[in-house]
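Student: I'd like to learn how to read a structure like this one. Could you walk me through it, feature by feature?

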Amino acid sequence: MIPALHVRLLGGFYVAYDGRPVTTLNAARLQSVLAYLILHRQTPQSRRYLAFLFWPDSTEAQAYVNLRNILHRLHHALPEADHVLRVDSQTVQWQPDIPICLDVADFETAIIGADQTEAMRDSAALQAALERAVSLYQGDLLPDCYDDWILPERERWREMMLGALARLIILSESRFDYRTAIHYAQQLLRHDPLQEATYRHLMRLYALSGDRVNALRTYQTCVAVLEQELAVEPSLATLEAYEQLWSNRPPPVSIPENAVLSPSTNLPFQLTSFIGREREIVEVKRLLTGTRLLTLTGPGGGGKTRLALEVANALLVTATFPDGVWWVELATLSDPALVPQLVATALNIHELPNRTLMETLGDFLRSKHLLLLLDNCEHLAAACAQLAEMLLRTCAHVRILATSRESLGLTGEISWPVPPLTLPPHSISMASRESELAFEQLKEFEAIHLFVDRANAVIPTFNLTSLNVIAVAQVCCRLDGIPLAIELAAARVKILTVEQLVSRLDDRFNLLGPGSRTALPRHQTLRATIDWSYDLLVEHERLLFHRLSVFSGGFSLEAAETVCADENLESARILELLAHLVDKSLVMVENQGAQARYRLLETIRQYAGDKLLISGERERLLNRHFYFFLELAEEAERHLTGADQVIWLNRLEQDHDNLRTALEWSLTDHDLAANVTQPELFCQATTAEAGLRLAGALWRFWFVHGYLNEGRMWLERVLAGSHLPAGPARSKALNGAGVLAHMQGDYKRAAALHQESLAICQQQGTRRGVAYALHYLGVALQAQGDYAQAAADYAASLAIFRALPDQRGIAITLRDLGEVAANQGNFVQAVAYYDEALSLRRKLADKHGIARVLNNLGAVVHLQGKSERAGTLYEESLILFRELGDTQGIANSLYNLGDLANDQANNRRALELFRESLMLFRQLGDKHGLILCLEGLAKTGGALGDTERAVHLCGAVEVLRSRNGIPRPLARCRQNQHWLTAIQTELSQEDFAVMWAFGQAMTLEQALEYALTV
């Protein structure tokens, strides 16, 4: 029989064999590896994992060598190594059946025993178990070990110790044993000196024991520690507690007539810091002054309980509730009939003869001024509502603060949805060039604060930097600002970089696995949190919940009724079921204008999507989703050039994420016509043609709202994926791709795309298609300086449009003929074309077309020297572009206003306008617009006396125009040559050449950075 090994890991490493210390285990890495094997003795550990865990920075080969050396040293240093260690070619394991006396195991056993005795209401046994646990905890787990694996383990045991101390404080206080409670509170502060709530509790304990001097001294210690360690001042709650002590007001004590004497609260200690929520705390406290029942609602893991506890703690130190603040945890209760019993237990109230427990509660609370916190009511909503109604009717001074995933449904109840933590914009990109700026802006968001705080708990050296802030922001955004999800993600920084976290969030339910072992089971994983809500749904609620996962970013009621309804789920029931899901905090309502929209948080959507996949309905629902949004896009397309274009542009913007999902689905390998029930509701199309139709219908939306890169990407993908005979859908998609390519300065590609579209239309004999293809081809040729061929194509196009007749086609062609005339210096002819085009656009009520013509007309009258009229036209076009949300148009109007300001010698104003325009063009990737702005800034620099900057930018523009195939219009050539010649006369020929060459050496990005610097 092998003598037992005695191993101590708490407070330091110590091993004894047969009563004698083992001194040969004296190296830190030996101790760390042995401790890991002992703590994980139930499972064989793979050699590969151990090598990576302990030597992550070494090569794989070197890590294996290091592991072999350690195992060899362990074999010689550890008594009975052959018996206690099982080592083979693949794994290493501490033999789980070998007798071992381990302090960590004894400590855990004591904690488990405390939990069991607490459940049996045996306070003496509870105290004994907790005191044993505290006595066993001789210090943190292996305090001299700094290997990565130890940090979360150490924190886990430390949290259990702090929890045991907190429970002993409450237990001692409930017996009015303030001296013992003070002793344990002091211990708690020694272990965790930065917990402000503990200082407040200790102040109160001293005050209750009559020791006002030490109560005030505790406050002074709190102030000093917070200032020295965190450079912060005490919170409002601590200040209020101090003022109460200073004014010599005793803390409230309530002694129930028929109960064991107890303190004025049973609020649990919190072992982690509370992040943000200042506005929410103020609002919840305000609402509680105006209602007697306030229910905090929201999805699981959203921070309802923590917010409620923070508010309750803040109210505890005020005079608002002299009979205390009492917490009732309902999450572990499954029997609704026991809700009154749980409340009575929390208040230490016993049943009386010949009285029901409800009556006893009412009698006891009738004269009390207290706050009752009912936590996690959703699975017992009816029982909680019944209890709350009775108390509110019979106890005039009792207020109830409840947390639940759905409201209790009582008259007079205020249901207040707890918002997510504040989040950075969802447009955050890891490729952001302004990382320093991003760092300063993003570090202030609550979600990021929480991530960093919890990451520090597992890796104390973790810091937010300009290098990782974008990735941290992405994690927080993709987790919807849900506190629990962010805490679980932060715990993973022990083994993954933040960038790796971002890349793995598509599989978030496996990634964000078990968290704190002391948390409620439903809060230990992200999946368990949502399981709790899902299990409360009835069959048809679950069915709709699954199906709603096909929507991305949000959806309308009409979309839900059309896509989700079938023979198993009637359309008429969708609204009612959707309301139930909203009530249960699984669906969010977002009022946008006259129409309500709905959304599943992305984490919840992924959960529902997993359920949909298991149900076997995913392909059918995504097909129905695709056809719904194809019909929406084609309907919108018919309105994008008319009086209602703003309405339809906004509708497409609202459903942009759904349109992206539909496009992606059309590009996957499946049959879009498969399993679609009620086909009469949907368009019939082959998969390839459907994708072309959808992208072709959307190109004008992408153009107006500035999604040039994205729009080109989708159009090029659907074009590449279609192998059908060429038809109208392909022709339209080609023209759309060509327009977007043109707007980005890719004129050769634009011309090629329009040429292919023209060939298709000529082959099929579609006159309108030929006219539009000719028109777009002319635009691409004009941009390359081929004015003669562009004018010829426009003329041919115009003839067809007039013959059809097609008023919109006539209008756009007249505008482009005007631009050719203007670029060739024929301003009178240009104005005539523009005037006729503007008249047609106004008759068509086409705001976008009106705005573009106004902009063009303004440019011509500006060149004619009519500055006042030009300014009026530019401003009118800017108003329309802003109304439409047309980033490209806004940028063009701003540029033109800047050019006008330059000519009017308002150079500072010109500088602001050019820079604003340049940033928009940069966002769009519009090279032509960027070069125009650089030219404008060069001219402004010259006017302001910054000759060097002016020449540098002119040199850059010259090369950039040539490199990108962007000619300078004739009229602008003459204008620019005039002021550039004036600058040349101020410089020597040699100086001008040096400055010019410096500019020519710049890349586009360098020129932009240079132009934007002050």
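Predicted model: local features only at pLDDT ≥ 70, side-chain atom pairs only at ≥ 80, totals over all residues.

Student: Which residue in β3 is the bridge partner of tyrosine 17?

Tutor: Arginine 20 is the partner of tyrosine 17 there. Now zoom out to the sheet, which is open, has four strands in the order β3-β2-β1-β7, and shows mixed pairing.

Student: Which strands stand at the edges of that sheet?

Tutor: β3 (20–21) and β7 (100–102) do; each has a single partner strand, so one side of each is left without a neighbour in the sheet.

Student: What about the sheet of five strands: what is its order, and how does it pair?

Tutor: That one is also open, runs β9-β10-β11-β8-β12, and has parallel pairing. Its edges are β9 (325–329) and β12 (414–417), and because each has a single partner strand, one side of each lacks a neighbour in the sheet. From one strand to the next, the twist averages 20 degrees.

Student: Let's move on to helices. How do I read which way the residues of a helix point?

Tutor: Here's the general idea: an α-helix has 3.6 residues a turn, so residues three or four places apart point the same way. Now try it on helix α2 (residues 47–54), whose buried residues are Arg47, Leu50, Ala51, Leu53 and Phe54. Those residues cover an arc of only 165 degrees around the axis, which puts them on the same side of α2.

Student: And which exposed residues sit on the face turned away from the buried side of α2?

Tutor: Arg48 and Phe52 are the exposed residues on that face.

Student: What do the buried residues of α2 pack against?

Tutor: Their contacts are with α1 (28–39), β4 (45–46), α3 (60–77), β5 (85–87) and β6 (91–94).

Student: Can we do a single residue as well? Is valine 225 buried or exposed?

Tutor: Buried: its relative accessibility is 19%, and the cut-off for that label is under 20%. Valine 225 lies in helix α10 (residues 212–230). Leaving out residues up to four places away in sequence, valine 225 touches Pro193, Leu194, Tyr199 and Leu230. Take leucine 194: 31 residues separate it from valine 225 along the chain, yet their C-alpha atoms are 7.2 Å apart.

Student: Last topic, salt bridges. What's the general idea?

Tutor: Side chains of opposite charge can pair when their charged atoms come close. In this model the count comes to 42 salt bridges.

Student: Which residues does arginine 454 meet in salt bridges?

Tutor: Aspartate 453 is one, at 2.4 Å from N to O, and glutamate 487 is another, at 3.0 Å. Glutamate 487 lies in helix α20 (residues 483–491) and arginine 454 in helix α18 (residues 446–458), so this pair ties together parts that are 33 residues apart in sequence. As for accessibility, arginine 454 is buried at 10%, whereas aspartate 453 is partly exposed at 27% and glutamate 487 is partly exposed at 28%.

Student: Where do aspartate 806 and arginine 768 lie?

Tutor: Aspartate 806 is in the loop between α36 (787–803) and α37 (807–823), while arginine 768 is in helix α35 (residues 767–783), so their pairing ties together parts 38 residues apart in sequence. Their salt bridge spans 3.0 Å from N to O. Aspartate 806 is buried, with a relative accessible area of 9%, and arginine 768 is partly exposed at 42%. Salt bridges can share partners too, and in that way Arg547, Asp566, Glu617 and Arg620 are joined into one network.

Key: Residues numbered from 1 in each chain as written. Heavy atoms only, no water. Buried < 20%, exposed > 50% of the residue type's maximum accessible area, 1.4 Å probe, protein only. Helix = DSSP H or I, 4+ residues; strand = E, 2+ residues; numbered from the N terminus. Arc of directions from axis to C-beta. Contact = heavy atoms within 4.5 Å. Salt bridge = Lys/Arg side-chain N within 4 Å of Asp/Glu carboxyl O. Pairing = 2+ DSSP bridges. Axes fitted to C-alpha atoms, helices over the stretch in contact; angles between N-to-C directions.
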